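Let's take a walk through this one together.

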Amino acid sequence: MAAGPAPPPGRPRAQMPHLRKMERVVVSMQDPDQGVKMRSQRLLVTVIPHAVTGSDVVQWLTQKFCISEEEALHLGAVLVQHGYIYPLRDPRSLVLRPDETPYRFQVRLWGAVPVLLAIYLAKKNIRKQGTLADYEKECYDRLHTKISHAWDLVLMQAREQLRAAKQRRKGDRLVIACQEQTYWLVNRPPPGAPSVLEQGPGRGSCAASRVHMTKSTDFYKQEIEYCRRAMGRTRVKSSVCLEAYLSFCGQRGPHDPLVSGCLPSNPWISDDDAYWVMNAPTVAAPTKLRVERWGFSFRELLEDPVGRAHFVDFLGKEFSGENLSFWEACEELRYGAQAQVPTLVDAVYQQFLAPGAARWVNIDSRTMERTLEGLRQPHRYVLDDAQLHIYMLMKKASMSPPSRALSAHALPTLTLSQGSAFPTWLGPPWPLSCQCSVLSTHRVQRRRTGPDHMLKKGQVSI
Amino acid sequence: MATEALHENETLASLKSEAENLKGKLEEERAKLHDVELHQVAERVEALGQFVMKTRRTLKGHGNKVLCMDWCKDKRRIVSSSQDGKVIVWDSFTTNKEHAVTMPCTWVMACAYAPSGCAIACGGLDNKCSVYPLTFDKNENMAAKKKSVAMHTNYLSACSFTNSDMQGCDKKAMVWDMRSGQCVQAFETHESDINSVRYYPSGDAFASGSDDATCRLYDLRADREVAIYSKESIIFGASSVDFSLSGRLLFAGYNDYTINVWDVLKGSRVSILFGHENRVSTLRVSPDGTAFCSGSWDHTLRVWA
C-alpha cells in the first residue's frame, strides 16, 4: 500500500493520475542530492531526525517548478492534505506552514486497511481508555463485528506495538505517532471534514461500464467504419487553420472585455452598470465597437437586434423582406418546441413555399424539390437546405448593391459625414437614403473635443 | 462448436489488425498536412500584459457542493445547482437570490438558462431534464409548474449533462452530427478522462480539460490536436474550461481548487487564481465576456473579472 491516500473502493489507482504525479514529486523531494534538505529538527526538547522544515519545502517547490511562492505554498499544502508529508507539531491540522515547523515524509504501510485501522484504534483504546472520539468509537465497534474472527490477533498486535514503542527513543515514538495520526486523518477523515479522496458520482458507474465494453467484433467493425469515413475527409493545412486563430483573436481582441477592458468600465469591477445600459439589446445609439462587430460577419449583424433592425430597414428599401422572415421562421423551427414542429412546418410551407404563396421565397428548383420531399416527414432540420440557400442569397444581396460594383475597402472610418453606416462587406458609401442617423458613440475620455463640437445627423466621432 | 469459436477468434483477430492498420494510415494522413505548430505561428503575436483578476462577487447560499452553473443572456443572472438538490437563480451583480427550487434528486448535475431568460432547465441522476418557468409571483409554487422534457428534443441545448458514457468514460473527445446521430470526428490524445469540452468562439476548434492535468486545443478543419496547455506544477485534473470572447484566453478550473488562465495562442499560463476552498466543478464566461463565474465544492460561486 502506498504512502498516500488509499483510493476508495471501485476506483482503481490508475484512474487517479494526480496521485501518481504527487508520488513522483514526493519521491524527488526525498532524493539525497537534489531533494529537500533533511536534518534533525528540534521540537521543544526532543530531536527528530530526517525532518524538513515547511519553509524548505516551499523553497524547493519554488525552484523546482519555477513558480511563485504563493503557488509553491499551495502545492505543498496539497501534498500535506493528502498525507504525503505530515506535520510533527499540531498533527491534527494538516496544513503547511512556511516556517521552521518540522515535517516528515510518509512511509509505506503494509497490510489491509481495516486491520491496520483496528490495530491503531485498539492501541489508542488500550493506552488510555476514553481517548477515542465518538466517530472513532463507532468505527472501532463496526470493525470488531467485521473482523471478529481475527480480533485476538488485532489485540495482540496492538499490545505488541505498544510494548515495542515503550522501548523506543522519545523522538521515534513521537514520529510514529504523528505518522499514524496523519495517515488515518487522510484515509478516514472525521465526519464533516472534507475528504481529499472524494470523487464525483459519475465515475463509479463509469468503471463498471468500462469493464463491460469487451472488444467484440462489433466494436472493431465500428472502428473500421469510422476510420474509412475519416480517411475520406478533406483536411486543411495546419498553417491555414492556425493563421485563422491569429486573425480571429486579433479581430476580436479589442471587443473582449477581459483582454482589452471595456469602456466606460467593467461593471463587475467598478460596480457601475453603465456599460450594460449602453449595450442593451435594443438601444437607440449602438456603440462604435458594436457597429464594428456587425462587420465581422453577416451572422453577427443578424444576431444583434439593433443590427437586424437596420438590416430589415435596408431590405425594406432595396428588397422585399420575405427572405429574412423566412430565415427567422426556420430558426424558430430549429430551436422551437418539438410539439410545434408539424404546425410550424405547415405554416412555413403555406406562407413561403407553396406555389402562389403570399410571401414566396426564391429557392432554386433542386433545393425546392428536396425540401418539399422532406416536408412529408417533417422534423426540425427539414428546412436546413432552404434556409441556407436564402441565407447565402441575403448575404450576397447585401454585399452587392443594385447596379454597383463592389470595391474592396478596409473597414471605413465611421467618421464619414455622409453617414456610411454599414461596415465594409456591405460596400462603400451608401446612398443617403440608407443613412443611419441614429449612430453615435460613447465619448472616450482621452479625446475630449471642444464644447462647440456638435454631432451632426449621421456623423460619428471616434 | 469448437470450430465456430475458433473461427470467431480468427475474425476478431483479423478485424483488430485491420482496425489498427487503418488507424495508423489515418494518423499518417493527418500528419501530412501538419506543417507548423501553433506557438511558432504565434511568435509574432504581442504578448498579453499583466493580468490582475480578482473575485468580484461571492455567491453563498448553497448547502452543499455546487455542481453546475449557467449564465442568463442578460449578462448578470446566474442559475446554479448543487448536490443537495437545490437549484438557485441569482442576480449575481447584487448577489441576491431570486428563485430557489428543490429537485427531487440529489446531485443536480446540470442546469441551464433558457435564451429567453424565462425558464431554467436542470437534471441529474434522475436522467430527466426538467424545465421550470421562472415566475416572480412568490405565491406560485415553482415546482408545481415544472415540465419534464426528454433530452434530445430539448430546446435548451445548453444543458450539458455529464454523460459518463460519452465524456468521462473515455479519453476520447467526439464530435457528433446531431441530425444523423453519427460521430463525425474523434480525438484521442488525452492520457486520462476528459471532464469538459468547449467550442472556440469561431466554431472551428474546441478545448478540452482532463484528469491528466492538461487542457488541449483540437482543430476541426485540420482534424488534429494543435496545442497542449500544461505545466509541471499543475498536477490535478481540469474539471471545466471556457474561452474568453475573443478566444485569446482559456480559463480552466482544477481539482486542486485553483483556476489557471492560459494564453491560447502562445500556450503559456497567464495567471493562477486562488480563492476556492475545494475543487472547482464548473466554469463559464459571461455572455458579454465581462467576467467569468466558477462554482466549487466549497458551496460557493465566485464571479471573477
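Before we start, one term: a charge sits over a ring if NZ of Lys or CZ of Arg is within 6 Å of the ring centre and within 35 degrees of the ring normal. Keep in mind, too, that what you're looking at is a predicted model.

With that term in hand, go to Trp297(B). Arg279(B) lies over the face of this ring, at 4.3 Å from the ring centre. Lys65(B) also lies over the face of Trp297(B), in this case at 5.0 Å from the centre of the ring.

Stay in chain B and find the sheet. Here four strands make an open sheet, with antiparallel pairing and the order S2-S3-S4-S5. Which strands are at the edges? They are S2 (66–71) and S5 (96–102) of chain B, each of which pairs on one side only. Going from one strand to the next, the twist averages 20°. For a detailed look, pick S4 (residues 86–91) of chain B, which pairs with S5(B) in the antiparallel sense over six bridges. Asp91(B) is a handy place to look, with Asn96(B) of S5(B) standing opposite.

Now over to chain A. You'll count 20 helices and four strands in this chain. Of its 462 residues, 44% count as buried. Take the contacts in chain A with a separation of 6 or more: residues 24 or more positions apart account for 56% of them.

Chain A has an open sheet of four strands as well, and the order is S1-S2-S4-S3, paired antiparallel. Strands S1 (39–43) and S3 (85–87) of chain A are at the edges with a single partner strand each, so one side of each has no neighbour in the sheet. Zoom in on S2 (residues 46–53) and S4 (residues 102–105) of chain A, an antiparallel pair held over two bridges. There, Val52(A) stands opposite Tyr103(A) in S4(A).

Next, some helix packing. Two packed helices are described by the angle between their axes and the distance between the axes. For H1 (residues 17–29) and H2 (residues 54–65) of chain A, the axes come within 12 Å and cross at roughly 110°. That makes H1(A) roughly perpendicular to H2(A). Which residues meet there? From H1(A) come Val25(A), Ser28(A) and Met29(A), and they meet Val57(A), Trp60(A), Leu61(A), Lys64(A) and Phe65(A) in H2(A).

Last stop: the aromatics. Searching the whole structure turns up 20 aromatic pairs over all chains. One of these is Phe298(A) with Phe311(A), edge-to-face at 5.3 Å centre to centre and 75° between the planes. Phe298(A) belongs to helix H15 (residues 298–303) of chain A and Phe311(A) to helix H16 (residues 305–318) of chain A, so the pair ties together parts that are 13 residues apart in sequence. Both Phe298(A) and Phe311(A) are buried.

Phe326(A) and Phe352(A) form an edge-to-face pair too, with 5.4 Å centre to centre and 65° between the planes. Because Phe326(A) lies in helix H17 (residues 322–335) of chain A and Phe352(A) in helix H18 (residues 341–353) of chain A, this pair ties together parts that are 26 residues apart in sequence. Are these two buried or exposed? Phe326(A) is buried, and so is Phe352(A).

To finish, look at a group with members from chains A and B: Tyr245(A), Phe248(A), Tyr200(B) and Phe243(B) form one aromatic cluster.

Definitions and conventions:
Residues numbered from 1 in each chain as written. Chains lettered and ligands numbered in written order. Predicted model: local features only at pLDDT ≥ 70, side-chain atom pairs only at ≥ 80, totals over all residues. Heavy atoms only, no water. Pairing = 2+ DSSP bridges. Phe/Tyr/Trp six-rings, centres within 6.5 Å; stacked < 30°, edge-to-face > 60°. Buried < 20%, exposed > 50% of the residue type's maximum accessible area, 1.4 Å probe, protein only. Axes fitted to C-alpha atoms, helices over the stretch in contact; angles between N-to-C directions. Parallel < 35°, antiparallel > 145°, perpendicular 65-115°, else oblique. Contact = heavy atoms within 4.5 Å.
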